[in-house]
Amino acid sequence: MKTNLSSQIKLDRIPKRYYNPDSELERAALTRNEKVYTRIFESPEEGSLHIAHDVAELIRKCKAERRPCVLALGSGVGTHGVYTELVRMYKEGLISFANVVVFNISEYYPLENNAPGTMHLLKELLLDKVDIDPMNIFTPGKAVPKEDIYKYCKEYEDKIEEFGGLDLVLCEIGATGNLAFNEPGSQLSSSCRLMLLGNDSRHIAASMFNSAENAPHSAITLGISNLMAAKQIICMAWGENKASIVKKALEGLPTDTIPASFLQNHKRAKIVLDLPAAEQLTRISQPWLVTSCEWNDKLIRRAIVWLCMKTGKPILKLTNKDYNDNGLSELLALYGSAYNVNIMIFNDIQHTITGWPGGKPNSDDTFRPERAKPFPKRVIVFSPHPDDDVISMGGTLKRLVDQKHDVHVAYETSGNIAVGDEDMMRYVMLMGAIAKEFKFNTPEFLAKHAEINKFISQKKDGEMDSADVRYLKTIIRQGEARTACNYINVKPENVHFLNLPFYETGTIKKGDLGRADVDIVKALIEEVKPHQIFVAGDLADPHGTHKVCLDAVLAAIDEIKDEKWMQDCRIWMYRGAWAEWEIDHIEMAVPLSPEELRQKRNSILKHQSQMENAPFLGDDERLFWQRSEDRNRATAELYSRLGLASYEAIEAFVEYHPIRG
């Protein structure tokens, strides 16, 4: 069973020599905009293995020199794969931690005795599984009196100096460019101190404390100056949600608004990325600026769209001078003139637009994204949560139904953890109020009703919901999903709730993708035998629910891809409420009229528990329908700026091709 196929999606777009050049000479040319030594790997797993080998080599080197190896370790989720590899190497007898001294980079403050924290994670992931001397493990105090924090921090720094300083700092680049808990605004000279955490850091901590509200507001952290004093620094970043901040940190000027940019001042700093995290670096996103290119249709499209944005011109107004002035003279040599390139790319993007996402019957489909036959088609729309379908492709979904395709919607997870207690209790109170009138006030019901009321009234912050509460929250989300599907006329028998087991932990932290998850998805695909599959292609968070749901569908497809009926099935990936496909990758663009956009909004509003009271809206103050409309309008505006037809909104899709061989 292949459980990480989503990591392969970008491989057919980026030539290997851009991210893994054959020679140091070529690397120097490609990376001339990057101010920190950077290695890029195809997946977080490969990157983590590379880092683990670096750490192991350092430990062996220090052992040969008969001195301790002093490490400062972070506990961010990006580091977890590295620790898994180090534990494996230890169990295989390839490494010993007997000579290792570990300083925890940061710890939440304050913490109750039994509360989780960064040291708890480090022990769980690494320290309790290897032969390190417990006396060689140091961490900031989580219960130091506030008046003693300054003194304590200085003593923590002194302890590091007693061991001869740090040999290596190992951590990840945070979502805002933070290093450890050095939030934006941290100075290069900052030392070990108490730091107020930003909203992004607290939201990331939500998985440990079951909600952002329960996460601590502050932490004790080693400062930038402490990290920069280390002999070596290795920082990592995985996933395209880090791509923007990685580019700023590596290619921009050093600034306290992006603490990771200070790594440019360290002689032995190394950044390790996967391809999604590296996608905005110049050598990946605009390779024509640093090397000769391996031009293909997608890269040419990307270059022309970039040129349009830079010059402020639509495609058909670009001139030879525009190409020459902006590093694209290669295209003029290949195609003879700007006009030849312009018309080719204009037609290419024009052909992505279709009002028939399931294919238009009895028409020439030569230049259409979807084939005309068979018609009507059997379609499965996989939705990670019970509202991602309408948020991400609600207009297209309604088009498919209205155009008489046999549309199935499959909700992969229950989404119960995203229902607030207040929303659930409205239903509990309603049931209690009508129980007598509708004659279901049995002793069993009354006892269960009282039990749920008691649980909610005594529920502590961060406490896992009881099985009954999780069940009620699941039913609430299923009811909302059915209502939304009914609104857009999906047949009731075509609405499927898969409740994949990996999700049902009762906490924000989910399990790993397993055989049972893939089998459930596979069974539905084999039952429907679809001609089209729509799946959420979100890659922004490599550890999130959307990523696991995508891998579940791709793993199931991989196992049945050679079936004759499956070879006649096309797989389309959509994006969520926060991001859209880059225009150079869009292969199907479905325009929405103002009326269709209003209908999409109405279908999203059927999910009442996910409005203002939803626990995981994040820092974005917009509601989901607002995010969705803004994203769809922005895509339409981009098409318009390129000189194509002007629409109210556009939903975009990219085709996934199963990996063969």
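## Helix α21 and its surroundings

In this predicted model, helix α21 covers residues 515-528, and its 14 residues reach 20 Å from the first C-alpha to the last, close to the 20 Å expected at 1.5 Å a residue. Within α21, the residues Asp517, Val518, Val521, Lys522, Leu524, Ile525 and Val528 are buried. Seen down the axis of α21, these buried residues fall within an arc of 160°, so they line one face of the helix. An α-helix has 3.6 residues a turn, so residues three or four places apart point the same way.

What covers the buried residues of α21 includes the strands β11 (378-383), β12 (406-411), β13 (495-497) and β14 (532-536), together with the helix α22 (545-560). After α21 comes lysine 529, which has a positive phi, near 50°.

## The sheet of 7 strands

The open sheet that contains β13 has 7 strands in the order β13-β12-β11-β14-β15-β17-β16, and its pairing is mixed. At the edges stand β13 and β16 (588-592), each with a single partner strand, so one side of each is left without a neighbour in the sheet. From one strand to the next, the twist averages 25°.

Strand β14 pairs with β15 (residues 570-574) in the parallel sense, over 5 bridges, and the bridge partner of phenylalanine 534 in β15 is tryptophan 572. Helix α20 (residues 467-487) packs on the sheet, where it touches β12 and β13, and its direction makes about 160° with that of β13. Helix α21 also packs on this sheet, touching β11, β12, β13 and β14, with its direction at about 160° to that of β11.

## Helix α22

The 16 residues of α22 should span 22 Å at 1.5 Å a residue, and its end C-alpha atoms are 23 Å apart, which agrees.

Strand β4 is joined to β8 (residues 218-221) by 4 bridges, and the two run antiparallel. Glutamate 107 stands opposite isoleucine 220 in β8.

Leaving aside residues up to four places away in sequence, serine 186 touches Arg193, Met195, Ile224, Asp256, Pro259 and Phe262. The side chain of serine 186 makes a polar contact with that of arginine 193 at 2.9 Å, and also reaches the backbone oxygen of glutamate 183 at 2.7 Å. Between the C-alpha atoms of serine 186 and aspartate 322, which are 136 residues apart along the chain, the separation is 41 Å.

Asparagine 342 is found in helix α16 (residues 338-350) and is buried, with a relative accessible area of 2%. Not counting residues up to four places away in sequence, asparagine 342 touches Ile315, Leu316, Leu318 and Tyr323.

Terms used
Residues are numbered from 1 along each chain as its sequence is written. This is a predicted model: local features need pLDDT of at least 70, side-chain atom pairs count only at pLDDT 80 or more; totals for chains, interfaces and linings use all residues. Side-chain values use heavy atoms; hydrogens and water are left out. The expected span of a helix is 1.5 Å times one less than its number of residues. Buried means under 20% relative accessible area, exposed over 50%, partly exposed in between (1.4 Å probe, protein chains only). The arc is that of the directions from the helix axis to the C-beta atoms. Contact means heavy atoms within 4.5 Å. Two strands pair if DSSP finds at least two bridges between them. Axes are lines fitted to C-alpha atoms, for helices over the stretch in contact, and angles run from 0 to 180 degrees between N-to-C directions. A polar contact is a pair of N or O atoms within 3.5 Å; within protein, one must be able to donate a hydrogen and the other to accept it, and residues adjacent in sequence count only if both atoms are side-chain atoms.
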